[in-house]
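Biologist: I have a model open and want to learn how to read it. Where do we start?

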Number of protein chains: 2
Amino acid sequence: MNDVDLVLMGFGNVGRAFAGLLLEKRHILEKRYGLSLRLRAVFRSTGGIALKPSSLVDRLLTGETRPANKSSLWDPELRLEASLVRGARGVLVECAASDSRTGEPGLGHIRLALARGWNVVTADKEPLVACFRELRQTAARKGLALGFSAAAGAALPALDVGLGSLAGTEIEAVEGILNGTTNYILTRMGQGAGFDEALREAQAKGIAEPDPSRDIEGRDTAMKLLLIASSAMGLSLRLDDIEVEPLTGISSKALESARKEGLALKYLGSVRREKGRITGEVKIRAIPPSHPLFGVDGTNKGLTFLTDTMGAVTVTGGKSDPRGAAAALLKDIINIYRR
Amino acid sequence: MNDVDLVLMGFGNVGRAFAGLLLEKRHILEKRYGLSLRLRAVFRSTGGIALKPSSLVDRLLTGETRPANKSSLWDPELRLEASLVRGARGVLVECAASDSRTGEPGLGHIRLALARGWNVVTADKEPLVACFRELRQTAARKGLALGFSAAAGAALPALDVGLGSLAGTEIEAVEGILNGTTNYILTRMGQGAGFDEALREAQAKGIAEPDPSRDIEGRDTAMKLLLIASSAMGLSLRLDDIEVEPLTGISSKALESARKEGLALKYLGSVRREKGRITGEVKIRAIPPSHPLFGVDGTNKGLTFLTDTMGAVTVTGGKSDPRGAAAALLKDIINIYRR
């Protein structure tokens, strides 16, 4: 049995789903992968909690649903530094919500973990977008894993395919529907709803955030695209290199006239390598039924890789919810300790 | 640099494409993966050829296109036993065409390689279908890799996703269009061609074999399904457990009436786990536009996994040609020596 210590940073929807999944999957993890994952500490903005026997996770999750128990569990004095024991070679599970410009506080967490010799899996995109090269290089130099499936499409296996299944190919382009909220809005508009109506509906269903600007202005798509293209295509891209057209300009009329021509409008992020030149963009594009992403509707996502030797390879689906993101974090952890 | 010896068994379309890819990708393999792959010997039914300096591959490939040089290169006395040097820890690249009942001669090649401590990657399905459990267990016990992406969908990343990207999930079902020939026939029939016409067309284009029975009777789909479901779902399936309906029964009329209802007929292989019961079948099924495989046309393939935590995850595309299969062999080799 491989005993692995985990420290969970962030206890929002994804962090909670991850802790729940650890409980739910404990037996499978031991039996199928020989992996005993022991959650040692959990942090959120108001403090941390150190878990001595792992079974405390149960109490922690219950505590969250019973506000009365809440405050007694969280210690505002507990520091991440104290939990990332040097040489323990555990995994930091980073689920904080960081600033998109500075990448903080997640950037600091990840740097600290790598410095202490801990592997990292992260659902937090911003630290990676801010300092992708640095973090990847630090991890590689120290022989540590930096798993970011959950930040780059979550349950959509974008990175596994881009880095593993396409090993040995030249990836000439990636093209994807990478944001569930905007794809849902486009799908509903295609069914006759107006933009504002579709957005309100997405918010009411918990698909869109109360402040949906990151999604509908294309930044979320651009960030995921950056992570996927940088790693799978081996590029040194910055967010500024990606030309982003916000979705807000779209009209029901445009959708209708595309449909009449047998086309579908999709909010596509793409990076292409053509004659040595790299172009990146996030744009509303009309695609024909023969396009592999034509049928990707609702909150679904999809990504196509164009390669030299394997042709076009596409992945679609994968749950766009906290449980899907938590499952992607868990998958990255399992794959660190495999073989 | 990681120096790895290769022995190639089989020099048909896939074997030749693989040898060509080794030449084409030599620099990428060294630069990107630190991997120097040295082809030490090549075998086909009429004999073998031992390659001293690796550059002989060039002559070998040229020799194939110049019949005059052919016979002088192949030594009918050379044996696989002599090339699989014990302890060398190279890779046997198995591309023979084996018997579907006995799995021979490929089964013997793979057993010998594993016994000698060599890793194996194979495009030859039959030995795996015949003795899947035995070969997997032998490889695992000896800490050797048995890569069979090329046998289970080739450039379609079916196994990588099933085994790697879905780690930690429960796969409740797999459902796929796994044979390019029959999908091409269905697509052409949907465009108005008759069955015989579509089949002849596929044969003329080199998509279908001169004897297409393995494809149109569903055995090729069933074999790939068996390999994918057995490994990704952890099942002990035999080929007899899969109920196979041949494609030959299909009429243009059935396709037309499905289309009128907005459905598409696909030749689907599926394995489901329901209430502890496993069912496997290869059947013509009518699927709606919301199905992730609805748009998979022509020689394309596609596979959907239904999971507990990640929802439905689908892979589509990947070239259905010898180069795509060769690229899948190469990918498996790269991933053996990674990290």
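Modeller: Start with A:P105, in the loop between β4 (91–94) and α6 (106–115) of chain A. Helices (H or I, at least four residues) and strands (E, at least two) are DSSP runs, numbered from the N terminus. The peptide bond from A:E104 to A:P105 is cis, with omega near 10°. In chain B, the bond from B:E104 to B:P105 is cis too, omega near 10°. This is a predicted model: local features need pLDDT of at least 70, side-chain atom pairs count only at pLDDT 80 or more, and totals for chains, interfaces and linings use all residues. Residues are numbered from 1 along each chain as its sequence is written, while chains are lettered from A and ligands numbered from 1 in the order in which they are written.

Biologist: Is A:A154 buried or exposed?

Modeller: Count C-beta atoms, placed from the backbone, within 10 Å: 20 or more others is buried, 12 or fewer exposed, in between partly exposed. A:A154 has 28, so A:A154 is buried. Its phi is near 55°, positive in a residue other than glycine.

Biologist: How many residues of chain A are in contact with chain B?

Modeller: Contact means C-beta atoms, placed from the backbone, within 7 Å. By that test, 33 residues of chain A meet 33 of chain B. On the side of chain A that touches chain B, α14(A) gives the largest share, seven residues.

Biologist: How does β12(A) run relative to β12 of chain B?

Modeller: Strands pair if DSSP finds at least two bridges between them. Here five bridges join the two strands, which run antiparallel. A:T314 has B:T316 as its bridge partner.

How values were computed: Contact = placed C-beta atoms within 7 Å.
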